[in-house]
Amino acid sequence: MSERVVDARGSFCPGPLMELISNMKMMQVGDTLELLSTDAGSAADVPEWVKKVGHEMVDTEQDGEGTWHIRVRKAK
Amino acid sequence: MRILVVGGGMGGTIFANHLARRIHHEMKTGKARITMLSASHEHVYQPGWLYVAMGRATPDELVREQQSLLEPGIEFHVDPVEEFHLAENHVKCKSGKVHEYDLIVISTGSRPLPEKIPGLKENSINCYTAENAVEFFKQLSGFKGGRIVVTVGLPHKCPMIPLEITFAMYDFIKDRGLLDKTEFYYTYPIGRVHSLENVAKWAAPEFDRMGVKYETLFNMKEVDGKNAQVLSEEGGAVKYDLLVAVPPHKGQEVIEKNGLGENGWIPTNRSSLHMEGEHGKNVLVLGDTTNLPISKAGSTAHFEAETAAENVAAVIKMGRPVRSYDGKVFCFIEAGKDRATYAMFDYKTPPQPKAPTGAVHAFKMSYNKLYWATARGLL
């Protein structure tokens, strides 16, 4: 199992969720991904997609500089 | 300084020409040399394929001889690189020739891979090559009515194309009097109709006005050609009569084979554009080849190339780079056959697209001709 970090801070296009989806395609089942995002919308739209597809949310937190750290595990 | 540019597309060409102009004296006196290696003797204006697909341009209009675009003094070889030996500062080409360098610029671009999605290649059309754009036009002009579905793979270059192709097809079908027999169904990977929130806020009401239906959070998983339906990872199934694809992309195979980056995307510093890692100090990466979380678009390559050329010239003349790449991107958005708008943004500033106008469309059509001046580093 591996963990990758995707730094999507400052990404308006394609944006954090598109970066996450692209990277999930390169991962194996059981791998985790930490998405760094400065877009507050990521805290809502990432879990929405993860739930719809059937992957797993690990945790979500915002650091002192305003960056969201969203961890997702590939489940299928 | 020996500068080696790998790739004769938009990023490599703009970089080489900008730099050559800035270090003209150093090149003349033998203190600097620019060599470009490309897989092709042709330079293609890829954004033009949209117009080929709509029967408004022909492929030959979009092609120039690469050598004719380069500043005098730039050494050009059609000889693709097969091996990168970054620790030893040299590359080996298909011909077997070895090129040594002090600085290498990698701008090899990306490629569409419809075959990554089962059933997609054989059951859909796209406008990502000249041949495919011609085929697109043939199939669209033979379309007699039914459901046209737009499906989008990730990652892909030209982020505006899903919207542009939908608007363009709408006008194409309207002009042929087939609107009452045609249903447009647009799908998109995330929870709105475009990655840029402000563009999505503009485009969704446009779709509503036009009667274009849309489904979001739709990532194609496979195409079932037998039953003419596209299936999504989210569990959706959409029937089609004509399937229009924005295929998923990868970087070039040579990048993967040489272990420079997963899927052909090279890890790149977002400000300096240097390759990350121990051998990245004298390696710059431009355009689609980077792994940066920004649009894979010609304008990205253009602005990166200008920054990189300015910095390399400054290093040669003053010993230090002068600026950072700020993530600038400028994308026109064709909103049909006679209106357009644009999105301009960087790492810190989101775009604020305006309502489409005929004037912006006219500017875009003009730019399609002016592009060759951009490639030469003049515009």
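Author: One term before the rest: helices (at least four residues) and strands (at least two) are DSSP runs, numbered from the N terminus. With that naming, Glu262(B) is in the loop between H9 and E19 of chain B. The model is a predicted one.

Reader: ok, is Glu262(B) buried or partly exposed?
Author: Glu262(B) counts as partly exposed, because it has 16 C-beta neighbours inside 10 Å and buried takes 20 or more.

Reader: Which phi does Cys158(B) have?
Author: Cys158(B) has a phi of about 65 degrees, again positive in a residue that is not a glycine. Cys158(B) sits in the loop between E11 and H7 of chain B.

Reader: Buried or exposed, that one?
Author: Cys158(B) counts as buried, because 22 C-beta neighbours lie inside 10 Å.

Reader: Switching topic. Which peptide bond is cis around Pro155(B)?
Author: The bond from Leu154(B) to Pro155(B) is cis, and its omega is near -10 degrees. Pro155(B) belongs to the loop between strand E11 (146-152) and helix H7 (161-175) of chain B.

Reader: And in chain A, what joins Cys13(A) and Pro14(A)?
Author: A cis peptide bond, with omega about 15 degrees. Pro14(A) lies in the loop between E1 and helix H1 (16-24) of chain A.

Reader: Now helices. At what angle do H1(A) and H2(A) pack?
Author: The angle is about 35 degrees, and the axes are 10 Å apart. Their crossing is right-handed. Pro16(A), Leu17(A) and Leu20(A) of H1(A) make the contact with Ser42(A), Asp45(A), Val46(A) and Trp49(A) of H2(A). By class, that contact has five nonpolar, one polar and one charged residues.

Reader: What about H1 and H10 in chain B, how do their axes cross?
Author: The axes of helix H1 (residues 10-22) of chain B and helix H10 (residues 298-318) of chain B come within 8 Å and cross at roughly 30 degrees. H1(B) and H10(B) are therefore roughly parallel to each other, since angles under 35 degrees count as such. The crossing of H1(B) and H10(B) is right-handed. By class, their contact has 10 nonpolar, four polar and three charged residues.

Reader: Which residues meet there?
Author: Among them are Ile14(B), Phe15(B) and Leu19(B) in H1(B), and Ala305(B), Ala309(B) and Val312(B) in H10(B).

Reader: How many residues does each chain give to the contact between A and B?
Author: Chain A gives 19 residues and chain B gives 24 residues. On the side of chain A, H1 and helix H2 (42-53) each supply at least two residues. That side has 10 nonpolar, four polar and five charged residues.

Reader: Last one: what pLDDT does chain A average?
Author: Chain A averages 94, and 100% of its residues score at least 70.

Definitions and conventions:
Residues numbered from 1 in each chain as written. Chains lettered and ligands numbered in written order. Predicted model: local features only at pLDDT ≥ 70, side-chain atom pairs only at ≥ 80, totals over all residues. pLDDT = per-residue confidence, 0-100. Axes fitted to C-alpha atoms, helices over the stretch in contact; angles between N-to-C directions. Parallel < 35°, antiparallel > 145°, perpendicular 65-115°, else oblique. Left-handed = near helix turned anticlockwise from the far one by under 90°. Contact = placed C-beta atoms within 7 Å. Nonpolar A, V, L, I, M, F, W, Y, C, P; charged D, E, K, R; others polar. Buried ≥ 20, exposed ≤ 12 C-beta atoms within 10 Å, placed from the backbone.
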